[in-house]
Amino acid sequence: MKLFSASSIFNISKSEKSNSYLYAYFFPFFTLLALWIDSVYFSKHYFDGRSLTNFLAIFYFCLFFFSAQSYLRKLMFVMVFLSYIGELIFCKLLGMYAYRTPDIPLYVPFGHAIVYASGFVMAESPFFVANENKLKQLFFISFATLFLGVGIFLHDIFSLVFGTLFFVLLKRKKWNNVYYSIALCVIFIELIGTYFKCWTWVPKTFGVIPAVNPPMGAVFFYAGGDVILAKMVSYWKE
């Protein structure tokens with residue numbers, strides 16, 4: 001008799017209550033702790049905390065994963081592998097950013113899945129659902145102001161270009177708030193990660209496009225990955 005199977009892990013009862021919102025709302029605090037431990041400061045003053053951050057990210061991912069409903073579990077599982085492929089392309093192949101060590105940290109693919117799941121859960125919260133249209137307007141104005149602001153005042157052409165593409169993508173997705181909420185989580189983790197110098201974006205993407213560290217327009221690549229992720233999971237039969 002098999003104790004575990006793919007069916008039992010990914011297809012839980014719809015009546016089973018999910019506590020994933022707890023991990024989604026604790027996401028900012030976990031991010032601060034985990035990235036601080038992997039920071040340049042922590043490494044210089046204490047010890048190289050990369051292994052500890054790896055453990056914390058995988059542990060948190062597992063807690064989040066087993067608290068989630070079936071569909072989100074599938075999204076998180078696939079996101080880990082999709083994220084690693086993205087890291088190989090954007091970090092190693094295209095050289096858009098670099099981590100504080102030559103290797104891609106083990107915690108990164110799991111961290112991307114946590115970021116995605118946190119935004120996904122927040123977008124389905126009662127507050128987001130009840131204020132869907134108002135939030136769409138607020139998010140549009142806020143993100144447009146952000147992209148224009150960093151473009152004009154910080155000469156971040158990267159964010160102007162890819163921020164525009166972010167809106168093009170959202171228009172095709174009917175301005176679904178899930179993309180905005182995930183983008184908020186992305187911006188938070190990018191600001192914290194670059195502040196602690198866990199990774200650094202290059203000043204000129206592709207050697208041509210000026211960008212700040214971090215460029216806010218990076219949310220486009222996450223949103224694009226989200227579209228691919230949802231499409232892949234749609235082929236995952238029960």
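The expected span of a helix is 1.5 Å times one less than its number of residues. The model discussed here is predicted.

**Helix α12**

Helix α12 covers residues 219-234, 16 residues in total. From first C-alpha to last, α12 reaches 23 Å, close to the expected 22 Å. Its buried residues are Val-219, Tyr-222, Ala-223, Gly-225, Asp-226, Leu-229 and Val-233. These residues lie on the same side of α12, because they cover an arc of only 160 degrees around the axis. An α-helix has 3.6 residues a turn, so residues three or four places apart point the same way.

**Arg-73 in α6**

Helix α6 holds Arg-73. Arg-73 has a relative accessible area of 4%, and is therefore buried. Its side chain reaches two backbone oxygens, those of Phe-65 and Phe-66.

| Side chain | Backbone oxygen | Distance |
|---|---|---|
| Arg-73 | Phe-65 | 3.0 Å |
| Arg-73 | Phe-66 | 2.9 Å |

**The largest pocket**

The largest pocket has a volume of about 610 Å³. It is lined by 35 residues. Closest to its centre are Ser-83, Glu-87, Tyr-97, His-112 and Tyr-222. Elements giving two or more residues to the lining are α3 (27-37), α5 (50-67), α6, β1 (97-99), α7, α11, β2 (199-201) and α12. Helix α6 gives the largest share, eight residues.

Conventions. Residues are numbered from 1 along each chain as its sequence is written. This is a predicted model: local features need pLDDT of at least 70, side-chain atom pairs count only at pLDDT 80 or more; totals for chains, interfaces and linings use all residues. Side-chain values use heavy atoms; hydrogens and water are left out. Helices (H or I, at least four residues) and strands (E, at least two) are DSSP runs, numbered from the N terminus. Buried means under 20% relative accessible area, exposed over 50%, partly exposed in between (1.4 Å probe, protein chains only). The arc is that of the directions from the helix axis to the C-beta atoms. A polar contact is a pair of N or O atoms within 3.5 Å; within protein, one must be able to donate a hydrogen and the other to accept it, and residues adjacent in sequence count only if both atoms are side-chain atoms. On a 1 Å grid over the protein atoms alone, a cavity is a set of points where a 1.4 Å probe fits but cannot get out, and a pocket is an open set with protein on both sides within 12 Å along at least five of seven lines; lining residues have an atom within 4 Å of a point. Grid points are joined across faces, edges and corners, and a volume is the space filled by probe spheres set on the points.
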